[in-house]
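Trainee: Could you take me through one part of this model in close detail? I would like to follow it piece by piece.

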Amino acid sequence: MTEDKKAKILIVEDEVILSKTCADGLSDEGFEVLEARNGKEGLELALREKPDLILLDLLMPVMDGLTMASQLRLDDWGRNVPIIILTNLSDNNKISEALKHGIFDFLVKSDWKLADMIARVKERLSKPPEQN
Amino acid sequence: MKLKVPETFYKLLFDNMIDGLACCQMILDKQGQPVDFIYVKTNKSFEKMIGLKGAAGKKATELTPKITESNSELFEIFSQVSLTGESKRIETYIKPLLSWFSISAFSPKKGFFVIILEDITSRKKTEKNLENEKAAARNVLEDLSTEKTKVEIAKAKEEAILLSIGNGLIATNETGKVILINKIAEKLLDKKSREVVGENFSEVAPMEDEKGVPIRTEEHPINKALSADKIITVATISHDYYCVRKNKTRFPVAIIATPVILGRKVIGAIGVFQDVTKEREVDRLKSEFISLASHQLKTPPTIIKLLAERLLGNKIGELTKGQREYIGDISLANQRMIDLVNALLDMSRIELGAFELRTTKKDVCEVIRSIIDESRSIIDQKHLRLRIAPLGKKVELMLDETLFRTIINSLITNAITYTPAGGEIEVTCRMVDKGQKIGGNDIVETSFVVIISDTGYGIPQSQQDKVFNRFFRADNAREKNANGTGLGLYIVKSILDRSNGLIWFSSRENKGSMFYVAIPLTGMRAKAGSQEFVDG
């Protein structure tokens, strides 16, 4: 069971301002935050740093979110890390497909507040890992 | 040589024979040319035939002047006969006597001739009738022949049309055996018509889903058409079907199958299909465009929203009252933009036809309950009372959950937005049978109906007909809430129009509104214009 304090969060998001704002919000809450700008960077960073939770955007250059998540799930450690999707996408079909395959746990709806996201992160982190 | 037959016999014969007989003598002029003749002796029949008595000894010009006039050729013939001794026979119509005669003439001695008359009027009549009948029969035969040719031409034309229509066509008999495939079908399936006649349709046009799993025979649109009992059209709209060619390669296919009904029986089926590789590609591009547009359009406002949130949370230093107010206003304006973009994207999806109904069996009441749950906090914040009148039993329908959620969410949001604090919102679920009336509307098929009512501002009578129009907002709504897009109800109605559902409402200004949504028991189904498609 991981504690909220000093938990490591990885944000994979190509929009710099968005990423920074989320990162700021999370650091204010005491989290250690890492940022990656695309799926490829995100995959490398995740496997190297082994964060406690990943916030993942879907539409990114070089490698998109779903691809990164599927690849991450092939790794022994990667299979269990909680992933929360941040997306503006309304392509729910693709997403529900991915949900079905257990690639990620939550979908944060497109119209969200920073406070909502932080609450979700805390909630997800407090869940025991076996629930994957 | 003297004949042994007594003269009395000849007299008897002469007097009783049926044919008319006249012995005549030619009268010649000074030049020796025949000008007249005398009836020397005539029999009873002759006199009867020409209708004159006491002909003996009379001249032709005296006795039968009319005949001499009307049938001058006879005089010629008699002259010939009497002069040359050659016998002649003709058949002629003697107008003054209104009869047909067969006239034989021979010459017993030069200058003399004998006429034998036979009335052949009735024979002629019979002959004429026969001729007429023959002509009539010939006409009928000709007509039949013409009609046959016409039918053959029509048939050939029809076949030519069928064979050359721009889509693949496959026709089967009532047991599903193929009787015809056209050129395009031959090309698409890579099979020749003569190869496939008599084969089962599922072998001639095998179909599989996107994963490569063959479609079961019962699921094949042609089979569905064959087992229908009325004219329906089975179309593969919301399935990604593929048709497999002879060489095992496949192409994405759209197929429309209809039964052929004669009298009341299904005597076969026709499947019209086409390779929709290009269309699927275009659809994919449209969806991709909308996804991309969606992402790109929503990202900047999302960023602004989060930045404003942090500022307003005093995370970047304490704000003055004025600063707080301004940033608050930025937030509101930004939210309007987000709402508008969302609505426009929904609308584009619908209008561009990148609208695909993906239905699964769902417990309707469960879905509605979960949507209500999402709004509970806002309902509480506004101090509104919420009443739910559930159905009491489980009802499962084929629903496109996403779209259904959009519909119910939109209506509940409206109820919340346009009802002042202290008001009430009620959500009722009902099953309504075909033929019953609800909310002033007649229900044509048994449906699940959800009613969302509020005690809010209502819609002014004069503007009620515009409520489903794009960008329309009623005056009182505009007044109470500056932020609406005017697209919510338009989108809800567009979805329902395209999925076989219904929406209607009743409303009184300052009293409240009641919105009704009906989904038939057969579920949300694709509907293109007025044609009903049974989803195959």
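Mentor: Let us start at a loop of chain B, the one between α11 (277–312) and α12 (321–351), where B:Asn314 lies. Keep in mind that this is a predicted model. B:Asn314 is not a glycine, yet its phi is positive, at about 60°. B:Asn314 counts as exposed because it has 10 C-beta neighbours inside 10 Å, and the cut-off for exposed is 12 or fewer.

From the loops we can move on to a sheet in chain B. Here 5 strands make an open sheet of mixed pairing, ordered β15-β17-β20-β22-β21. The edges belong to β15 (385–389) and β21 (502–508); each has a single partner strand, so one side of each has no neighbour in the sheet. From one strand to the next, the twist averages 15°.

Inside that order, look at β20 (residues 447–454) and β22 (residues 512–520) of chain B: they run antiparallel and are joined by 8 bridges. In this pair, B:Phe448 stands opposite B:Ile519 of β22(B). Finally, helix α13 (residues 364–381) of chain B packs on the sheet, where it touches β15, β17 (424–432) and β20. The direction of α13 makes about 175° with that of β17(B).

Key:
Residues numbered from 1 in each chain as written. Chains lettered and ligands numbered in written order. Predicted model: local features only at pLDDT ≥ 70, side-chain atom pairs only at ≥ 80, totals over all residues. Pairing = 2+ DSSP bridges. Helix = DSSP H or I, 4+ residues; strand = E, 2+ residues; numbered from the N terminus. Axes fitted to C-alpha atoms, helices over the stretch in contact; angles between N-to-C directions. Contact = placed C-beta atoms within 7 Å. Buried ≥ 20, exposed ≤ 12 C-beta atoms within 10 Å, placed from the backbone.
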